[in-house]
Amino acid sequence: MLKRLRSAHPMLYCLVAEVLFLGMLFVASLLSLLLILFVVRDIDAVDDYMLTFMQEAVGVLVAWRFLARTGKSGLLRRRGSGFFNGLLVGLYPIALISYNAYNTLLFGRPEGDMLPAWHVVWFLIGMTSVGVAEEFLFRGVIAQTLLEHFGTSRAGVWKACLLSGLYFGAAHLTNLTGSAPLGVLMQCVFAASLGTLLAAVYFRTGNIWVTVFIHAAMDITSMLIGGLYGTQTVADSISTYDITMLTSIAVYLIPTAFLLRKKKLSEVELYFGRDMK
């Protein structure tokens with residue numbers, strides 16, 4: 001049924017995939033809390049990022065299930081341009097991540113000791129799991145489906161990038177339950193722009209693990225102080241976002257245009273042309 005829906009109604013298929021993914025994350029979060037309360041009986045003793053990992057592990061399984069049921073799980077093994085060559089394609093976001101990490105560690109560190117090592121490990125695992133789950137869904141399931149629908153022409157690739165970015169941005173509306181509305185709205189704009197760039201990197205490299213690496217590194221960097229020192233939660237961080245986040249539209253869409261310049265579109269055809277058939 002999923003394969004027929006994907007073929008006949010790709011937009012609806014992408015929406016169904018996103019809604020089920022987000023719904024299962026919510027269910028997994030509740031079940032994880034209940035399990036921990038039953039076993040540990042002290043929720044304060046449980047690391048938030050361990051809960052994140054438990055939740056996102058379910059997200060990975062949901063996204064993989066969509067890929068498997070539609071015959072697309074092979075893209076997880078697709079080498080494309082290769083991982084390290086793919087990192088060169090994604091050099092722009094990697095440079096931004098490196099700069100932000102350096103700037104944060106140099107000027108943003110609070111006074112006091114870092115959290116215990118096991119907290120830091122769960123932070124790294126939890127943020128990495130977010131990158132894996134969301135890339136499997138938003139690039140592997142959604143962007144891949146849209147590219148196959150629109151084709152590898154320049155207009156088709158742009159439509160697939162922009163629309164998959166909008167799906168990615170809209171998913172962050174779920175944060176309205178814990179963060180300030182303006183902050184969530186700005187996060188949606190930021191995520192939509194970033195999602196467009198990540199789709200372009202995926203199409204140019206044919207390797208989903210390149211965008212998994214970039215996404216996970218960006219998530220880790222965005223919460224670096226909170227994860228290392230425990231001074232800020234994800235919800236608190238989102239609430240601080242303001243209208244300056246609108247600059248992300250230019251910050252991410254201009255390099256997207258560079259990645260998708262006409263003479264490089266042959267690479268998209270090289271890695272995904274067979275999928276069109």
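This is a predicted model: local features need pLDDT of at least 70, side-chain atom pairs count only at pLDDT 80 or more; totals for chains, interfaces and linings use all residues.
## Helix 6 and helix 9

Two packed helices are described by the angle between their axes and the distance between the axes. Helix 6 spans residues 117–150, and helix 9 covers residues 208–222. The two pack at an angle of about 135°, and their axes lie 8 Å apart. Helix 6 and helix 9 are therefore oblique to each other. The crossing of helix 6 past helix 9 is right-handed.

On the helix 6 side, the contact is made by Phe123, Leu124, Met127, Thr128, Val130, Gly131, Val132, Glu134, Glu135, Phe136, Arg139 and Gly140. Helix 9 contributes Ile208, Trp209, Thr211, Val212, His215, Ala216, Asp219 and Ile220. By class, the residues of this contact between helix 6 and helix 9 are eleven nonpolar, five polar and four charged.

## Helix 8 and helix 12

Helix 8 consists of residues 181–205, and helix 12 of residues 248–259. Their axes are 8 Å apart and form an angle of about 15°. Helix 8 and helix 12 are therefore roughly parallel to each other, since angles under 35 degrees count as such. Helix 8 passes helix 12 in a left-handed crossing.

From helix 8, the residues Val189, Phe190, Ser193, Leu194, Thr196, Leu197, Ala200, Val201 and Arg204 take part in the contact. They meet Ser248, Ile249, Tyr252, Leu253, Pro255, Thr256 and Leu259 of helix 12. The contact of helix 8 with helix 12 has eleven nonpolar residues, four polar residues and one charged residue.

## Helix 8 and helix 13

Helix 8 also packs with helix 13, which runs over residues 265–276. Here the angle is about 70° and the axes are 7 Å apart. That angle makes helix 8 roughly perpendicular to helix 13.

Sorted by class, the contact of helix 8 with helix 13 holds five nonpolar, one polar and two charged residues.

The lining of the second largest pocket comprises four charged residues, four polar residues and one nonpolar residue.

Technical notes
Residues are numbered from 1 along each chain as its sequence is written. Side-chain values use heavy atoms; hydrogens and water are left out. Helices (H or I, at least four residues) and strands (E, at least two) are DSSP runs, numbered from the N terminus. Ala, Val, Leu, Ile, Met, Phe, Trp, Tyr, Cys and Pro count as nonpolar, Asp, Glu, Lys and Arg as charged, and the others, Gly among them, as polar. Axes are lines fitted to C-alpha atoms, for helices over the stretch in contact, and angles run from 0 to 180 degrees between N-to-C directions. Angles under 35 degrees count as roughly parallel, over 145 as roughly antiparallel, 65 to 115 as roughly perpendicular and the rest as oblique. A crossing is left-handed if the near helix is turned anticlockwise from the far one by less than a right angle, and right-handed if clockwise. Contact means heavy atoms within 4.5 Å.
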